[in-house]
Amino acid sequence: MNLDEDKILYKEFLDGNMEAFEKLTTKYKTNLTYFIYKYVKNEEIAEDIYQDIIIYLLSKKEIYNFKYSFKTFLYIIAKSRALNYIREQNKYEYNMEDAENLYVEEKMLEEIILSKERKEKIKKVISKMSKEYQIVIYLTIIEGLSYTEVAEIMNKNVSQIKNLVHRARIKLKKLLIQERVVEMKNSKVIKLLLWIFVIGIITSGTVLAATKIYNSIKGKAKMTPVYTSRISDVDTNKVWVGTFNLVWNDLMNDVIGGPIEFEDGYSELANELNKQNFTVKQLSSQSYYKVHGEATTNLRTKIENEIKTRFNEQSEILHKVQWGNPNAYVLYTMLKKEFNYLEKFPTSQSKTFGNSEEKVKYFGIEPDTTQDASKNIDILFYNSKEDFAIKLKTKEGEEVYLYRTTGEGKTFEENYKEMLEKQAKYTGTKKWKKNDILKVPFIKIKDEINYDELCGRYIKGTQWYIRQALQTIDFELNNYGGSVKSEALIEMLKNAVAEKGRDFIFDDTFILYLKESDKSQPYFALKVDNTDVLVSE
């Protein structure tokens, strides 16, 4: 196998050579961090995500498939991690500051950027471009990635990337001239695009580290795809809902016909999902909808109609699928629940939660409030102020269990069993008393995640490749009741079996030769890599 330099280094890393790994990752550190930064708009966060990727590679070293470019592999992971961060934070910051001590050798560029006025104009131009335009120019021009590699990273096809690059160049050139940043035309402007875009990256400001710390204690939850995920002492909020299990079950049972394994090695997550610890048997048929099939527009319409009819809902993830791609296959599930307590709870005075100084809303019952809502409560056990559990009853028959525990070192499943064991052993009174106090915080979660450990990998023994594995959660608990809405989706691509038509389209760099038919050597040669020698409309 003729391995390129990256693959040689990675192979040495697999053999235990950590210096090879350091050399390989250092090679891409600066540019990869810049790429992440274009999504998260914060240098410290971009650096943290880069470090997370390094740790991920060290812990999952077998995940890289040597069939593919290591650089593309890195950027796919980086994009997934960056998008997951944005979803978790539910926040997007974008500020720009002047660059300090920026030295540029090109005299033409100096004339453009030296004055403060021109710097401000450049910032203004860049801010007017969409994030997608900025990312595609960065990847193609600055990183030098091929259209195929960029298509993989941005989840688009090659034609879409070419069109995107073309439109981004036109947009930037138009804005530069429109804002009178440059007076030049055509190729001279194009040659400046790289440098101007670099300035846009370098001059982007950072958000205070305190923002990251503050956001980390806000009410966000990290989704886990399996009920058997272990809760560690460093976990903050963690949430599980069974929708992803259902699409995985269908993938195993209906599509693959057995447990899912990957060509490039073991996956702990896939192994856990293969156990099928959660199935439709744990749900009423009215509470979920699931379907799978080829990614036709008819299937999309069917899904949209069904979830509208059943749940009066719209999908938040269907637009991410490559609908109409004959080699794409989709597995989809939506779960929707709404429940109301037998009686509405009174709201309580706001108070802090845990070690946070921030006050949050609560509902419940106190000795001086109406006791009507006590009929909602079943006491399971009360061993101490830090060890108790209750059940809240609803009109719809949903049961809301609340267990006061850290849960550390156990899975959700183990904690649930522990709660039921304590309930069975409890001999104290389970009747609500006038002096009892109940305080439950209002909860609201809305999040989305792409399980990148499963993505970009071929399923062993098949031609299927998992392009994306998505799950959403929209949960609310208040003094009236609550609701749960969750979607899950797996999109796979299959290697084309039938012969495809070929695109002989010279719309990017090419070389032309002229030769007489009876001669062995051309008499003319031309390399075309920009529009200077092409005829305008």
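Predicted model: local features only at pLDDT ≥ 70, side-chain atom pairs only at ≥ 80, totals over all residues.
Glu316 is partly exposed, at 33% relative accessible area, where partly exposed denotes the range between buried, under 20%, and exposed, over 50%, with a 1.4 Å probe and protein chains only. Glu316 forms a salt bridge with Lys485, and the closest N and O atoms are 3.6 Å apart; the term requires a side-chain nitrogen of Lys or Arg within 4 Å of a carboxyl oxygen of Asp or Glu. Glu316 sits in the loop between helix 14 and strand 4 (328–340), and Lys485 in strand 14 (residues 481–494), so this pair ties together parts that are 169 residues apart in sequence. Lys485 itself counts as buried, at 9% relative accessibility.

Residues are numbered from 1 along each chain as its sequence is written, and side-chain values use heavy atoms, with hydrogens and water left out.

To continue with charged pairs: side chains of opposite charge can pair when their charged atoms come close. The count here comes to 27 salt bridges. Glu316 and Lys485 belong to a network of salt bridges that also links Glu313, Lys336, Glu338, Lys446 and Asp474.

Two further pairs deserve mention. Lys375 and Glu343 meet through their side chains in a salt bridge of 3.6 Å, N to O. This pair links distant parts of the chain, 32 residues apart: Lys375 is in the loop between strand 6 (359–365) and strand 7, and Glu343 in the loop between strand 4 and strand 5 (347–352). Lys375 is partly exposed, with a relative accessible area of 43%, and Glu343 is partly exposed at 29%. The other pair is Glu304 with Arg300, at 3.1 Å, N to O. Glu304 and Arg300 are four residues apart in helix 14 (residues 297–311), and therefore separated by about one helical turn.

I turn now to the chain as a whole. Its secondary structure comes to 15 helices and 16 strands, taken as DSSP runs numbered from the N terminus, with helices being H or I of at least four residues and strands E of at least two. Of its 537 residues, 44% count as buried.

Which residues have the most contacts inside the largest nonpolar core? They are Ile36, Val40 and Leu139, in a core of 52 residues. Such a core is a set of buried Ala, Val, Leu, Ile, Met, Phe, Trp, Tyr and Cys residues joined through side-chain atoms within 4.5 Å. Helix 2 gives the most to this core, with ten residues. Leaving aside residues up to four places away in sequence, Ile36 touches Ala46, Ile49, Tyr50, Ile53, Ala78 and Ala82, a contact being heavy atoms within 4.5 Å. Apart from this core lies another, of 27 residues, including Tyr288, Phe339, Leu392 and Val400.

Finally, helix 15. The buried residues of helix 15 are Asn415, Glu418 and Met419. Seen down the helix axis, they fall within an arc of 100°, so they line one face of helix 15; the arc is that of the directions from the axis to the C-beta atoms. Their cover includes strand 7 (377–384), strand 8 (387–393) and strand 9 (399–404).
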